[in-house]
Amino acid sequence: MATITIPADYGWVILTAVGSSFVITWKAMRVGAARKKYNIPYPIMYSNDNNVFNCLQRAHQNTLENYPQFLYMLFLGGLELPRFCAVGGTIWCLGRITYALGYSTGDPKKRMNGAFGYIGTFMLLGATIKLAANLLGWI
């Protein structure tokens, strides 16, 4: 039977998760402000005629679609490599911010400025796979 010990450095993982929640909140506030600015009432998700609002909304929605995977890899991979995952999680967050800022220009192609965030995703994925391999006795 394998056991998992929470490393002392796991606090960095927790702080990274807390930071990511601020990124999510910042994006939600931007969408809320855009609703007010462009007069797009709830529950309308997307505007028929305002591409800037749609881009802001989509940037937030896309992050929410990816957030569960980010968190499980951060928390699980962080058990194996906490500092490495804290760095990877920070890269993911910075990528998501850059993605949102580019997308919010109204030019969807500018969202790709945040593509470097995938480096963080792959770091988290690698650490999570390493944890699984260790628990299975493969390495």
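What you have open is a predicted model, where local features need pLDDT of at least 70, side-chain atom pairs count only at pLDDT 80 or more, and totals for chains, interfaces and linings use all residues. Residues are numbered from 1 along each chain as its sequence is written, and side-chain values use heavy atoms, leaving out hydrogens and water.

Start with the whole chain in cartoon view. The C-alpha atoms fill a box of roughly 55 × 25 × 20 Å along the principal axes.

The accessible surface (Shrake-Rupley method, 1.4 Å probe) comes to about 8,000 Å², and carbon and sulfur atoms hold 67% of that. Of the 139 residues, 40% count as buried, meaning under 20% relative accessible area with a 1.4 Å probe, protein chains only.

Now show the contacts, that is, heavy atoms within 4.5 Å. Among contacts with a separation of 6 or more, 70% join residues 24 or more positions apart.

Finally, select Cys 85 and Cys 93. Is Cys 85 buried or exposed? Cys 85 is buried, at 0% relative accessibility. Cys 93 is buried too, with a relative accessible area of 8%. A disulfide is a pair of cysteine sulfur atoms within 2.5 Å, and the whole structure has 0 of them.

Technical notes. Buried means under 20% relative accessible area, exposed over 50%, partly exposed in between (1.4 Å probe, protein chains only).
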